[in-house]
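Colleague: I am new to reading models like this one. Can we go through some features step by step?

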Amino acid sequence: MDEMCKLTLAQIQERELRMMRLFVDLCERHGLTYWLGGGTLLGAVRHKGFMPWDDDIDLMMPRGDYDRLMEYAHD
């Protein structure tokens, strides 16, 4: 069995940030409303980025925009 790839927290956060930028670009191109939530919002305000121990991104959007996003993803 191959050894699993182990990423550092900084590597995880960098990959998540790249994915979030793609998500933001998609939302802005299609006029979808989104916002940061939970620890991601707190980290952005308090730490000007990720909280040092956080390993996820919390994004929120209204249900109608989420449904539209799913239509774009399906297509």
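Colleague: Is Cys27 buried or exposed?

Modeller: Buried means under 20% relative accessible area, exposed over 50%, partly exposed in between (1.4 Å probe, protein chains only). Cys27 has 0% relative accessibility, so Cys27 is buried. Cys5 is exposed, because its value is 65%. This is a predicted model: local features need pLDDT of at least 70, side-chain atom pairs count only at pLDDT 80 or more, and totals for chains, interfaces and linings use all residues. Residues are numbered from 1 along each chain as its sequence is written, and side-chain values use heavy atoms, leaving out hydrogens and water.

Colleague: How many disulfides does a search of the whole structure find?

Modeller: A disulfide is a covalent bond between the sulfur atoms of two cysteines. The test is a pair of cysteine sulfur atoms within 2.5 Å. Here the search finds 0.

Colleague: Which residues of H1 are buried?

Modeller: Helices are DSSP runs (H or I, at least four residues), and strands too (E, at least two), numbered from the N terminus. In H1, Gln13, Glu16, Met20, Phe23, Val24 and Cys27 are buried. They cover an arc of only 105 degrees around the axis (taken from the directions from the helix axis to the C-beta atoms), so they lie on the same side of H1. On the other side, Met19, Arg21, Leu22 and Arg29 are exposed.

Colleague: What does Glu16 touch?

Modeller: Contact means heavy atoms within 4.5 Å. Glu16 touches Phe50, Asp55, Asp56 and Ile57, not counting residues up to four places away in sequence. Glu16 is buried, because its relative accessibility is 14%.
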